[in-house]
Amino acid sequence: MTRFMFPEIGQFSLILALFFAVALATLPMVGYFRQSRLLLNTARPLTHIMVCLVVIAFLLLAWAFITDDFSVLYVSQNSNVDLPLRYKFSAVWGGHEGSLLLWVLILALWCLAVALRLDSLPQTIGPLVLSVLGWVASGFLAFLLFTSSPFVRILPDVPTSGGDLNPLLQDIGLILHPPILYMGYVGFSVAFAFAVVALITGNLNAYWARWARPWTAAAWASLTLGITLGSWWAYYELGWGGWWFWDPVENASFMPWLAGTALLHSLVVTEKRGVFKSWTVLLAIFTFSLSLLGTFLVRSGVLTSVHAFAADPTRGVFILALLVVLVGGSLLLYALRAGQVRSSVNFGFSGREAWLLLNNILLSVLTLTVLLGTLYPLLFDALGMGRISVGAPYFNAVFGPIALCLMVFMAIGPFSKWHHTKLASWWIPILGAALLSMGLAATIVFWQTFDWLTWCSLSVAFWVMSMTLLDWFNKQFMAGKQRLNQWRTLPSRYYAMVIAHFGMAISLVGVIMVSVNSHETMLKMSPGGQAEVGGYVFVFDSMELIKGPNYLSDRGHFQVYQQGHLVADLHPEKRFFTTRQQVMTEAALGAGFTRDLYLSLGEKLEDGAWGVRIHIKSFVRWIWLGGLLMVLGGMLAAFDKRYRQKRKKA
Amino acid sequence: MMKQLLIGLVLLGLVNTTFAEERMTFRSELNQVRYQSLIKELRCPKCQNQNLADSNSGISVDLRQQVHNMIESGKTDQEIVDYMVARYGTFVLYRPQNTPATFLLWYGPFILLLGGVVLFVAVLMKNRGRGSK
Amino acid sequence: MKRIVLFLPFLVFLVLGVVFYFLLGKDTQYMPSALIGQPVPQFQLVTLKGEQIKQTDDLPKGSYLINFWGTWCPSCHVEHPYLMTLAEQGVTIIGIDYKDQQAAARQWLRDKGNPYTLVLMDELGQFGLDMGVTGAPETFVVNAEGKIAYRLQGVLNAQSWQVIKAYL
């Protein structure tokens with residue numbers, strides 16, 4: 001039975017991977033300081049071998065899951081004979097150990113991507129970037145091996161079936177969400193590595209910003225997609241119809257996103273104009289630090305959250321040490337080196353530099369606000385002042401207005417020019433767009449009950465849309481000495497900006513509409529009964545008992561009518577997972593472009609009646625539609641032609 | 001076909017049918033709105049991280065009922081919040097109370113914002129001065 | 001001056017790191033009661049046996065435990081034998097039959113023995129609400145001054161008794 005050797009091979013390849021990662025972290029560095037071409041050149045082969053070893057380990061763990069090898073402790077805790085095959089595969093990252101291995105795998109894949117594009121970088125920079133990534137990889141491989149190996153065996157008493165995967169995770173959204181989210185989290189390590197290399201070499205010119213830009217855009221796009229997917233998953237799977245909860249674990253992914261957004265913008269200024277150099281370096285470090293902080297918060301057990309992993313104090317200490325070495329080390333390096341930077345470019349109050357500076361300030365304030373709200377209860381508790389909660393009402397009151405401020409400037413920024421913008425040339429279109437947006441928002445708001453906050457925020461959303469389109473129209477047809485019918489090719493990075501900004505505005509419309517124009521009620525319904533909610537008639541047809549692969553389910557049949565026409569058949573379920581003895585609510589959705597019908601079963605009442613929760617969610621899909629547009633924008637920016645040129649042969 | 005016909009009749013009100021009942025009834029629409037917003041701001045004391053509105057746990061059902069009773073018997077929102085805090089602590093408030101201990105939490109972001117604006121103006125003044133050739 | 005500013009991120013991070021270190025290993029589930037240091041709230045409850053009305057004044061004078069339980073609660077089955085042991089050691093325990101049926105509760109005590117010096121019925125859970133109870137079992141320690149000193153959520157067993165004992 002050779003298959004029974006596989007977990008040991010997996011463990012062994014992780015150990016080897018750690019050795020290669022440590023070699024990668026040291027040899028090219030030594031090569032740089034000793035000016036040895038030979039040592040610098042080891043970076044690429046070392047990376048390749050390390051990546052191969054991590055991939056092997058990951059595949060062996062996946063194999064253990066697929067073949068039901070319950071002699072592996074981690075498999076027996078997170079899988080089950082009856083689990084459908086696709087969930088057996090996704091169960092690989094269903095617990096702490098495996099998801100950490102996924103983290104390391106994705107880091108390895110980013111390393112590989114950098115190694116493959118090594119020719120586009122100067123001869124000393126590329127290997128050093130890989131080497132810094134090697135530090136991160138060494139740290140996490142050590143964390144994996146010393147505190148959380150997924151290959152630990154339980155011998156000789158091998159269980160015949162496992163404890164099953166957490167039912168919450170048995171879902172397509174959770175197959176995709178973690179890998180994509182980690183792509184984003186870990187992807188910021190590349191920008192971090194570029195920043196650290198810039199500090200080490202003292203080469204803080206604008207070039208590093210240019211190299212780091214596509215990598216940052218790619219990571220940002222992944223993180224955006226990951227957060228969007230996570231929000232969509234929470235919406236339909238958690239069963240209470242919310243799309244964002246300001247849960248500490250959500251915040252942990254949101255903070256790097258905010259900082260990453262600031263970084264994307266400040267890299268532009270640094271590349272184009274050579275200003276804010278040391279700030280951009282700090283921001284790159286800050287963004288990745290927030291990714292690491294998120295990992296710490298989620299995995300060390302300091303948080304109470306729906307999503308946090310089971311904690312173990314030794315893991316907490318290890319990951320904190322890792323945080324101190326990586327973040328503390330790079331911040332110390334920054335403190336020692338960033339003083340040498342001098343920028344000599346000037347710009348005025350109306351120049352694009354000023355707008356982007358404002359963008360960075362506001363995004364930083366927003367990031368710190370989320371950080372404050374997330375850590376405050378922890379600090380409060382640590383100081384023995386009792387326990388408090390910081391939730392949605394706080395963030396809506398504090399984060400909301402500042403974010404709206406940012407969006408106001410987001411509409412104007414693209415109009416501006418580098419150095420200085422002639423005010424006279426743009427205040428007429430701005431005023432026009434503003435009046436138009438406020439009018440449109442007013443019509444929509446008056447249609448319902450008037451609320452000035454709703455009106456303001458809708459106006460801002462429309463303003464961003466109209467200004468973005470106006471700017472595009474202007475650049476497409478009016479700029480230069482073009483005639484109206486001439487089509488010029490704008491660079492894809494410009495479209496990236498247009499699409500991402502437009503997506504942000506679409507999301508904002510979704511956020512506003514769903515919060516002001518939704519209906520929700522909790523009803524008691526019996527089969528044969530009906531209810532009217534927000535103009536829709538919900539008819540409860542029947543209940544049936546069905547048997548799934550690893551669960552039993554009460555499934556309801558509902559029809560929804562609008563003005564006598566059938567608009568949706570809804571089948572909400574209440575699933576009982578037999579192995580874990582856990583009940584899960586599967587909400588039923590009638591999705592639509594302007595509204596979602598959302599129905600979930602509550603508790604079973606006497607005489608076959610059920611508690612039923614019905615929501616009409618207005619424009620909720622726009623939130624994720626906007627997210628997807630932002631992803632598209634990020635991808636366009638990442639794959640802009642300008643960054644794909646190879647290094648010129650000297 | 002028969003079913004659709006039947007449903008058509010139901011909708012026209014020609015057939016008697018059991019209608020769903022609201023799990024809770026309120027004396028006024030205002031009370032219902034107050035109830036909805038209160039149960040969204042109160043945290044379930046036993047759950048991981050859920051408000052009373054979202055949670056199906058036993059204690060949440062009881063506390064929702066209590067909020068409902070108190071609203072219907074004419075208590076103000078503040079009285080209801082104080083009642084909950086006296087029994088379950090400040091932990092149940094998703095909107096932290098404004099006390100000296102939470103000063104930084106509530107005003108910190110705006111102090112940062114102010115600092116940001118000052119920084120913005122300072123950087124621009126410095127750059128403009130340098131720019132005048 | 002500029003050099004100090006550059007060190008600022010590093011210093012802030014160090015402070016955070018120290019705070020995180022002290023947070024590690026803390027029990028995030030532990031929830032102190034809001035009533036610590038306060039007397040037991042006013043109540044008027046009916047006894048399980050004899051159906052007399054009891055008030056706050058009828059509570060014991062020395063230190064004692066208040067234990068919330070119910071026949072519907074699985075963990076209370078687990079807890080019950082240990083309560084019997086404590087009762088044998090002479091610990092005064094007031095039982096609050098929380099959101100339960102009178103008949104079922106009586107049957108339970110007949111079958112398993114009665115560790116309580118006094119059992120009060122809280123059928124609607126109103127007293128539970130006043131005590132800030134979130135479920136059953138829950139145990140409060142009331143000290144000799146009649147003030148609530150400690151609250152335990154979950155099963156009382158030999159392990160948690162070591163902590164509780166100190167508050168009596």
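Between chain A and chain C, about 2200 Å² of area is buried, and carbon and sulfur atoms give 77% of it; buried area here is the accessible area (1.4 Å probe) that two parts lose on being put together, summed over both. A:Leu320, A:Ala335 and A:Arg387 supply 22% of what chain A buries against chain C, more than any other three residues. In terms of contacts (heavy atoms within 4.5 Å), 31 residues of chain A meet 20 residues of chain C. The model is a predicted one, in which local features need pLDDT of at least 70 and side-chain atom pairs count only at pLDDT 80 or more, while totals for chains, interfaces and linings use all residues. Residues are numbered from 1 along each chain as its sequence is written, chains are lettered from A and ligands numbered from 1 in the order in which they are written, and side-chain values use heavy atoms, with hydrogens and water left out.

Next come the nonpolar cores, each a set of buried Ala, Val, Leu, Ile, Met, Phe, Trp, Tyr and Cys residues joined through side-chain atoms within 4.5 Å. Buried means under 20% relative accessible area, exposed over 50%, and partly exposed in between (1.4 Å probe, protein chains only). The largest core has 215 residues, and A:Trp103, A:Phe194 and A:Trp208 touch the most other members. Helix 8 of chain A (residues 172-201) brings the largest share of this core, 18 residues; helices are DSSP runs (H or I, at least four residues), as are strands (E, at least two), numbered from the N terminus. Leaving aside neighbours within four places in sequence, A:Phe194 is in contact with A:Leu121, A:Ile125, A:Val129, A:Trp208, A:Trp211, A:Ala212 and A:Trp215. Another core, of 43 residues, lies apart from the largest one, with C:Tyr82 and C:Trp108 among its members.

As for aromatic rings, those of Phe, Tyr and Trp (its six-membered ring) pair if their centres lie within 6.5 Å; planes under 30 degrees apart count as stacked, over 60 as edge-to-face and the rest as tilted. That rule gives 43 aromatic pairs over all chains. In one of them, A:Phe65 and A:Tyr74 sit edge-to-face, 5.6 Å centre to centre and with 85° between the planes. Both partners are tucked away: A:Phe65 is buried at a relative accessible area of 0%, and A:Tyr74 is buried at 2%. One aromatic cluster includes A:Trp220, A:Phe254, A:Tyr394 and B:Trp106.
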